[in-house]
Amino acid sequence: MNSFTLSLKLPPLLSLSPPPSAQLLNSNFSPFSLNTRILRATSRRFFSAVEVHSRTISTMETDKESIGSLKQQLAKLFEESLRAAFPDISDVQPLVAICNDPKNGDYQCNNAMSLWNKIKGKGTQFKGPQPVGKSIVENLPASDMIENCSIAGPGFINIVLARQWIAKSVQKMLIDGIETWAPKLPVKRTVVDFSSPNIAKEMHVGHLRSTIIGDTLARMLEFSNVEVLRRNHVGDWGTQFGMLIEFLFEKFPNWEAGSTPAIGDLEAFYKASKQRFDSDPDFKERAQKAVVSLQGGDEKYRKAWAQICEISRKEFQKVYERLGVHLEEKGESFYNPYIPKALELLNEKGLIEESEGARVIFIEGKKIPLIVVKRDGGFNYASTDLTALWYRLNEEKADWMIYVTDVGQREHFEMFFSAAKHAGWLPSNENDYPKASHVGFGLVLGEDGKRFRTRSTEVVKLVDLLDEAKSRCKLALEERGKAKEWTAEELDQTAEAVGYGAVKYADLKNNRLTNYTFNFDQMLSDKGNTAVYLLYAHARICSIIRKSGRDIEELKKSGAMDLAHQDERMLGLHLLQFPEIVEEACTNLLPNLLCEYLYKLSEDFTKFYTNCQVVGSDEETSRLLLCEATALVMRKCFHLLGITPVYKI
């Protein structure tokens, strides 16, 4: 297994003194590893006809106790109240949500109406939903969390949180660490299958969405103390390797003698071999025989295949390094030896039928069947994906399989998930675990509203796109005179952090199901909902703290936070809602929810800073702590989005 670690050191000039470990560029780069094992020749023994049943998943234990989200804490209080007020009604889950109108309160409990519908006409003492709501409030256990509750309309319980409790909770996070705000999810181990480029082809702008959406989902789940298996299901097996291997033999007759052949542009190599395959019958015949030799285990062909794969991996690795993404490769070739036994299990369930020379699984509601063995006896995506799912359930013991691909593959995933349910591998109830989810995403469009391409109609290479983003950021910084203030290394690192961050955020802030238009001018703007604006906002907060000259680490221990001003309270409350936003983004697999939260956080901070003097005020200590808490939550948001924060602009 290949691995490496990339770290960025902080120049002393730009360090943010309080927290000691902070860096100008907190890269969050993790070791990037690729599984380079050669295709195994035989199936392993672990296949057995074991049914997968739904089960309840307990939360993974953590070194530091997680208090759960604000909503979860309120739900616990109301759960006790509901049990006390209505002991004869079982399975009543507290319905707690953020108030739509802040004038009414911070949160609402909306159980009264549904409870009234259950008990009316059954000899109850209650006369309507309002008395039901009042009873729920009266049975709430004592807590310093809630300042007051009021009943509105048909029993809606509006909840106002205590200002002192908000302040203490934010300050406690500063002392104990933001990990204590990690949400509690009902899963222990998740597979996130993302990126998945094809061997011998360069990564293009289409891979950007899968890679960064998948990485963000993985990061949010990891923050939530879920073990995440980051899987790169690369296309490293198939008939195309016959023509690639034969072309390698032809162009590099001494390919076995020493170092890796200097193929150069692998994309051009692929296109040239394809052109030769289509135009030369003799070459086509040799290529088809090469596929047979490769799949038959011929050592020479396996070695050539491995070299072609390794060249691709090195190119993929460069892109992942830039993006700060790490994955473990388990491509199509990894699962190929296990396919026959997986299909045998499906056949034993009576799911596989013969149809027009192929072996298929008919799916209710679908006009065409799911083909698992082609007419020529070869396997395909469906057979590989079903086998991979079985492996992940039974060998890797995953509770949740998440597949990040474009929306065009939606029907494929619906069909193979349905087949897995009929086989008993997945429960029929969508809410039971283990489960599988398809995270579809839309297209990246150009200014013309069509699929984003170069002027020569070529697909835009991802490395070119990242180079352009960095180059534009560097130019903007130079125009602001930063080349004279910073070293060349500082300028380069900041341009990279802002440029790459801008590209990621411009994608992630959109609902993933929609198409979005790629526009450098918009994404690199320092105004509006952009990464540049948010990174600058974070840098400004850090500047406020630096200019105060106070030791933030000491203030955390000795100072006290008091959110007396309404804008202080609003900012503190928004900070406390961070865990439930992460929870919602994980549950619904929507990274844009985190982006919306981050942008709103920056707006709330701007309002607070406009109306509340920080440095030199009587409330300086409290407000500096609020600044630090805001910066800390912003940095965690950046980390979850795979964006490197900057501390000075």
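This is a predicted model: local features need pLDDT of at least 70, side-chain atom pairs count only at pLDDT 80 or more; totals for chains, interfaces and linings use all residues.

I started with contacts. Of those in the chain with a separation of 6 or more, 75% are between residues 24 or more positions apart.

Next, the overall make-up. I find 23 helices and 14 strands in the chain. The chain has 649 residues, and 54% of them count as buried. Its accessible surface comes to about 29,200 Å², and carbon and sulfur atoms own 47% of that.

**Rings**

How many aromatic pairs does the structure hold? I get 25. One of them is Phe223 with Phe578, a tilted pair with 5.8 Å centre to centre and 50° between the planes. I checked where the two sit: Phe223 is in helix α5 (residues 205-223) and Phe578 in helix α21 (residues 578-588). That is 355 residues apart, so I logged this as a pair that links distant parts of the chain. Phe223 and Phe578 are both buried.

Then I went to Trp400 and Tyr433. Why is this pair called edge-to-face? The ring planes are at 75°, and the cut-off for that class is over 60. The ring centres are 6.5 Å apart. Trp400 belongs to strand β11 (residues 400-406), while Tyr433 is in the loop between α13 (410-422) and β12 (435-441). The pair therefore ties together parts 33 residues apart in sequence. I have Trp400 down as buried, and Tyr433 too.

I also noted a cluster: Phe334, Tyr335, Tyr338 and Tyr391 are linked by ring pairs.

**Lysines over rings**

Two entries here. Lys435 has its charged end over the ring of Trp400, 4.8 Å from the centre. Lys330 lies over the face of Phe334, and there the distance to the ring centre is 5.1 Å.

**His438**

I finished with a histidine in strand β12, His438. Buried or exposed? His438 has a relative accessible area of 18%, and buried means under 20%, so His438 goes down as buried.

Which side chain makes a polar contact with that of His438? I found Thr405, at 2.6 Å. Leaving out residues up to four places away in sequence, His438 touches Tyr403, Thr405, Asp406, Val407, Gln409, Arg410, Phe413 and Phe417.

Definitions and conventions:
Residues are numbered from 1 along each chain as its sequence is written. Side-chain values use heavy atoms; hydrogens and water are left out. Rings of Phe, Tyr and Trp (its six-membered ring) pair if their centres lie within 6.5 Å; planes under 30 degrees apart count as stacked, over 60 as edge-to-face and the rest as tilted. Helices (H or I, at least four residues) and strands (E, at least two) are DSSP runs, numbered from the N terminus. Buried means under 20% relative accessible area, exposed over 50%, partly exposed in between (1.4 Å probe, protein chains only). A charge sits over a ring if NZ of Lys or CZ of Arg is within 6 Å of the ring centre and within 35 degrees of the ring normal. A polar contact is a pair of N or O atoms within 3.5 Å; within protein, one must be able to donate a hydrogen and the other to accept it, and residues adjacent in sequence count only if both atoms are side-chain atoms. Contact means heavy atoms within 4.5 Å. Accessible areas come from the Shrake-Rupley method with a 1.4 Å probe; for residues, only the protein chains shown count as cover.
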